[in-house]
Each structure stands twice: as structure tokens, then as C-alpha cells.
Amino acid sequence: MIRFEKVTKTYAGMGHPALDQVSVDVDKGEFVFLVGASGSGKSTFLRLILREYRASSGRIYVAGKEINRLAGWKVPRLRRSIGTVFQDFRLLPNKTVSENVAFALQVIGRSRSEIATLVPETLELVGLEGKGDRMPDELSGGEQQRVAIARAFVNRPMILIADEPTGNLDPTTSVGIMKLLDRINRTGTTVLMATHDAGIVDQMRKRVIELDDGRVIRDQAQGVYGFQH
Amino acid sequence: MQLRYVFSELGQGLRRNLTMHVAVVLTLFVSLTLVGLGVLLNQQADKAASYWGSQLQITVWLCKEKDDNPACTGEVTDAQKQAIEKVTKDNPEVADYHFESKEQAFEKVKELLGPDKFQGPNPAATAADMPQSLWITLKDPDQYKGITSAVVGLDGVSGIRDARQTLKPLYGSINALQWGALGTAAFLVIAALLLVANTIRLAAFARRREIGIMRLVGASTVYIALPFLLEALVTALIGVTLAAGGLGAFMYFGVHQRIEGKLNFIPWVGGSEYVVAVIAIAILGPILTLLPTLVLTRKYLKV
């Protein structure tokens, strides 16, 4: 589903590469944790999958397509097959929960009737049934993140990328979010999650890829956060 | 594509940045009016030149039947015309020349004085009353004595009109007004471009969350940029409409009601020239707003 072949990314004006000869293969339906210190290259890794940047060298395949060579106008189509969740939720404060989720479908041109079925269905899936008319600031942090996950998943993407989704949440709430991501993973969606949360990684026992200074230093099935913990 | 979102964004955008949009519209209004005036003045100069000759042209009247000049023995013959043409062609001062027929002369007189006088059973003149003429364009406005003296004594020549000295101040002021209008317009056009650029920057900043999410979930670039382009188009259309109204008022109250009746020795710009000026600003206006919008949406909304 996602394949990095000797991918190097050097940002303009930086001598040192953010990612250095990274080769990784993620199969369809896998759940992968991406761990490593700040600045180890996790965010760059995720952004390359979204084609926010092009790799400096190497090849990146997403769903069989080499995205480094993708024409600019085809990038939106790539992103429609990827859902993304962030630490800071990024909800639109002037729209209700339902409208926030529906927005993701509206702007890619889905019909009203599709939106009318998909939005409540997805809100139910993330455990927010009955809260569609609330405004984001009336919700707890965990609930807001559920809205963000609903928005990322409402188009049923093949891949879900989560960049520290529990970074702003307390441990109990985080467990709920992880259960939700696990449930989404069980529907066949490939989940890629960057995190600093050792407890979660150790508990879930999923594949762990550890980055350090732009290199993969560990790629372990059913791994833990790190040996220092 | 769901256009509901695009149009609701358009309305929101226009309201949110109302003062900026008003500034853009007003700047466009004034600059496009000046551009339109420049276009009208340019056409006015052409029109005057078609009747009186340009600053490089002198007119040689050829003999007609019952000519006022006693040297004329009757309508100029083809042989005489050929002789005149040969002298003209061989003269080093002449850049270009062409003959004008009686019918062409008649058309010009009709246009200047209005066609009413030349209709009915008792017309003021007919095409037969008009003289044929030879229009000579000089290479250098100061070098004209050679050709005038060479042509003036030839058989079939009734007289020479060199109205250039009389017309010089007229052409001079038309020219000055034209470049004054276009020059001022150029400054305002720059101001309009900068205002549009700032408006877009503000709008992109105000909508950065939405835009970020749209990019992330895979909205197409066109879809993201469309509200911006429509905003630009709406302001341009309002600016063009105001400028067309301003020019129309100038044409009616200025040219038609004031000048036309008093200064009737040259033909004045009318409806068809107004249409040309409006077409010019209708093309320029949208370009002025859409061009910076396209450039900047590429910069700010890049996927």
C-alpha cells in the first residue's frame, strides 16, 4: 500500500537530510506506529505520503502509483484516498460537528444525498451520534478528535495518517481514540500513526518503525515504543 | 461539482472584505474610465485625420466639371490623372499617396454634416458635385515645397489644401489629452493591481483553515481558487459597468450635447467609437483583477 525505496528528503537550505535513504514497505490493512524523537523525520515521512513535498531522491509508491512523478493536478485525487488527523484537530470553529464532517465531502464534489447518508453513519462509527449539531468548542478534546477522525474517514480512504493524534489528550481519552483507530483499521484501512506516547505503543503491540536522524533504526512487528522505556 | 459552497463562499468573501472590494471597484472605475477616454481620443484623432488629413498629409483637389478654378477645362481626364500620379510617385518627398473618388468624398461630407441634407428631391449636393482628390503622405512634415510646386501647375489640378498648420493645435491637444488620460490610467492600474493582490492575501489569510482542510481532503485547485476568481470577476464587472456608464455620460453630455453642435468642422466620435471603448475596458477590467488573482492563488493556495 505504501512503499518507500531509498527515499531521501533534503529541505532547501538544509545541508542535512530530514530523511536519509529510507526504505519501508507497508501492506494493505496494516497498523504501523512511527516513533522517534522530535526532528527524527516522522512528520516528513507522513508529508511525503501526502505529496506535500516531493522526495529529493528515491521512489515512493502509494496504492501502486509512484507519487513523486504524479502531475500536480492529480495530487488532489491521491489525497482523497488518504485521511489525515492531527494533534490539534483542525476543526472549523464556525461550523457544527456535522458540517465539519460534511465539508470534507462537499469540497470534493460528493452529492447531497451521499453526504446525508455518510455523515451520520460516520459520526455513529466514531461514537458521536446525537452530537452532530454541537459546535466544536462545546466538545471535549477527545470528542473533537473524534470529529477530526470522522472527517478523515468519511470518504472511506484506503489509508489513514495520524500525526500524534493523542498528543493533546489525557491517557484515558487517548485509549478511547486508539480503540477507534483500531476499529477503523479492522475495516481494512491502513493506519499510519506517528506518536510519542510510549504507553499506547506498548499496549497495542503493533508494528513499530523507529526513526532517528532521518534513518530507520528499527522496524519491528508487534514492537514496543523503545528499549529505554 | 457542488457550486452551492462556491457561491456561499463568494457572498461571504465579498461581505468580509467589503472595504477592500469597494477600494478595488473605485480604482478600477476611475482607471478604466481614463483608459476608455484614451481610446475615444485616439479614435477622434483618426476621425479628424480621415477628413482633414493627418499631420503628414496634404490634399490635391483635382478638376471637376464647372470648377471654380478657371485653369480647369472640365472634369480631370484619366491621362491627366496618370501624369499627376507619375509626378507624385517620382517625387522624393512623398512617402505614400492614394486617389479618392467622388463617392468617397461624398460619404465623408454626408458623415460630417449629417445625411439629412443630402436626401429628398432637392439635396444640397450629390456625388457628382464632389471633386476627385489625391491624398499625399509626406516623409517629413517640413519637406513639402517640392511636391506642391511640382503638382500645382499640372493640368487637371484645381488646388492644393495644406491644412496642417491649422490642425496642428487640434491634433496636439488631442494627443496630449490622450496620453494624459492613458498615463494617469497607468498609475491607477498599478494601484488596482496592488489592491487586488492585497485583497487576495487578506482573503487567503482569513480562510487559511478552510483552505488547509480543502487541500488535505483533496479538493481540486480549481475548486479552492474558484471563490477567489469569482470575487475578482464580480469586482471587475462592477468596475467595468461604472466606467462604461461614466464614458456614456461623457459621450452624451460632453460630446453630443456640447461640442458636436458648436465645432462641426470635424466629425466627432459617436456610438460605434463608444462601443469600441467599452469593449476595450470590458476586456481590460477582468484581466486586471483575474491576472493577479491567478498568480497569487497559485502562490497562496498551492497544493
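Predicted model: local features only at pLDDT ≥ 70, side-chain atom pairs only at ≥ 80, totals over all residues.

Reply: A cavity here is a set of points, on a 1 Å grid over the protein atoms alone, where a 1.4 Å probe fits but cannot get out, and lining residues have an atom within 4 Å of a point. Local features need pLDDT of at least 70 and side-chain atom pairs count only at pLDDT 80 or more, while totals for chains, interfaces and linings use all residues; side-chain values use heavy atoms, with hydrogens and water left out. Residues are numbered from 1 along each chain as its sequence is written, and chains are lettered from A and ligands numbered from 1 in the order in which they are written.

Four elements of chain B, namely α2 (18-52), α6 (164-206), α8 (221-262) and α9 (271-300), each supply at least two residues of this lining. Helices are DSSP runs (H or I, at least four residues), numbered from the N terminus. By class, the lining comprises 6 nonpolar, 5 polar and 1 charged residues. Ala, Val, Leu, Ile, Met, Phe, Trp, Tyr, Cys and Pro count as nonpolar, Asp, Glu, Lys and Arg as charged, and the others, Gly among them, as polar.

The volume of the largest cavity is about 100 Å³, a volume being the space filled by probe spheres set on the points, which are joined across faces, edges and corners. By this rule, the count comes to 3 cavities of 30 Å³ or more.

Note on methods: 1 Å grid on protein atoms, 1.4 Å probe; cavity = no way out; pocket = protein on both sides within 12 Å on 5 of 7 lines; lining within 4 Å.
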